[in-house]
Amino acid sequence: MIHALVLLGIVLLGGPLAKHIPIGVLAAILMVVSYNIGEWKEIRPLLRLTKADISVWAITFALTVFADLTIAVEVGMLLAALLFIRKVTQTTTVSEVTPITWTTVASTSFRTRRFPTTPRSSGSHGPFLLGSTDKLEEATRHVSRFPPIVILRLRNMTAIDAAGLLALEDLADRLHAAGRHLILCGAREQPAQLMHQAEFERHIGRENICPHVQAALERAGQIYDRRHRHSEEEA
């Protein structure tokens, strides 16, 4: 802030005198300023990072020297964004919950029920953003092999974007077309708010979006009881 005020005062008050400054002096000042802006002491820690991080820095540095600062900043920000998406893709996983985990989270009322097939549960871990949606598609490619009730736990999903939301909508539609029920549970604040704004409830029903896994299991029991009664009435 002080430097900016001093520079403003020089421009406003000392502008007419600046033309008398020798070009060599201005060149020396620019050399010192550019050297200080370079922050050369930060280069050694940068070289300890991954090859992708070093490549982004090297390309930005080269463009700054041989092209233009504006171009360098734009390209550097674009490369950094692509690198971030790649890292998110690598850290986000979609996995099936093991039977051992079921025994630790299922309520007593659920364990005493006699389900013909245990509801299948999958969990998403990490941000569910553009670049990681293919993992959900890969994990749910063969929906015909799924049991009648599928529970998707979102407790570890830290964030979601439009691409992730479209992937969930596609999964809900494919399960519905295959005669399966999808139940979501445990969504955090950001994913829950985005799904509500996008009216995601239309795809699976508001009653199939539960706050936690115990409520999802109770909802699965209600669906099974309803289907069981319907089968008895038809018989």
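Helices here are DSSP runs (H or I) of at least four residues, numbered from the N terminus. With that in hand, welcome to this predicted model. The chain has 235 residues, 29% of which count as buried, and its secondary structure comprises 13 helices and five strands. Below is a short tour of the overall figures, a nonpolar surface patch and some of the salt bridges.

**The chain as a whole**

- If you look at contacts between residues at least 6 apart in sequence, 81% of them join residues at least 24 apart.

**A nonpolar patch on the surface**

- Helix H1 spans residues 2–13, and Leu7 is found in this helix.
- Leu7 belongs to a nonpolar surface patch, together with Met1, Leu5, Leu8, Val11, Leu12 and Leu13.
- Together, the residues of this patch have about 840 Å² of accessible area.
- Leu7 counts as exposed because its relative accessibility is 53%, and the cut-off for exposed is over 50%.

- Six salt bridges turn up in a search of the whole structure.
- One of these pairs is Asp53 with Lys87, whose side chains meet at 3.3 Å, N to O.
- This pair links distant parts of the chain, 34 residues apart: Asp53 sits in helix H5 (residues 51–66) and Lys87 in helix H6 (residues 69–91).
- Lys87 has a relative accessibility of 37%, so this residue counts as partly exposed.

- Arg219 pairs with Glu207 in a salt bridge, with 3.9 Å between the closest N and O atoms.
- Because Arg219 lies in helix H13 (residues 213–234) and Glu207 in the loop between helix H12 (201–204) and strand S5 (209–210), the pair ties together parts that are 12 residues apart in sequence.
- Arg219 is buried, at 11% relative accessibility, whereas Glu207 is partly exposed, with a relative accessible area of 48%.
- Another salt bridge joins Arg206 to Glu201, and here the closest N and O atoms are 4.0 Å apart.
- In this pair, Arg206 counts as exposed at 55% relative accessibility, while Glu201 is buried with a relative accessible area of 14%.
- Glu201 counts as buried because the cut-off is under 20% relative accessible area, and Glu201 has 14%.

Conventions. Residues are numbered from 1 along each chain as its sequence is written. This is a predicted model: local features need pLDDT of at least 70, side-chain atom pairs count only at pLDDT 80 or more; totals for chains, interfaces and linings use all residues. Side-chain values use heavy atoms; hydrogens and water are left out. Patches are made of residues with over 30% relative accessible area and no salt bridge: like charges are joined within 9 Å, nonpolar side chains (Val, Leu, Ile, Met, Phe, Trp, Tyr) within 5 Å. Accessible areas come from the Shrake-Rupley method with a 1.4 Å probe; for residues, only the protein chains shown count as cover. Helices (H or I, at least four residues) and strands (E, at least two) are DSSP runs, numbered from the N terminus. Buried means under 20% relative accessible area, exposed over 50%, partly exposed in between (1.4 Å probe, protein chains only). Contact means heavy atoms within 4.5 Å.
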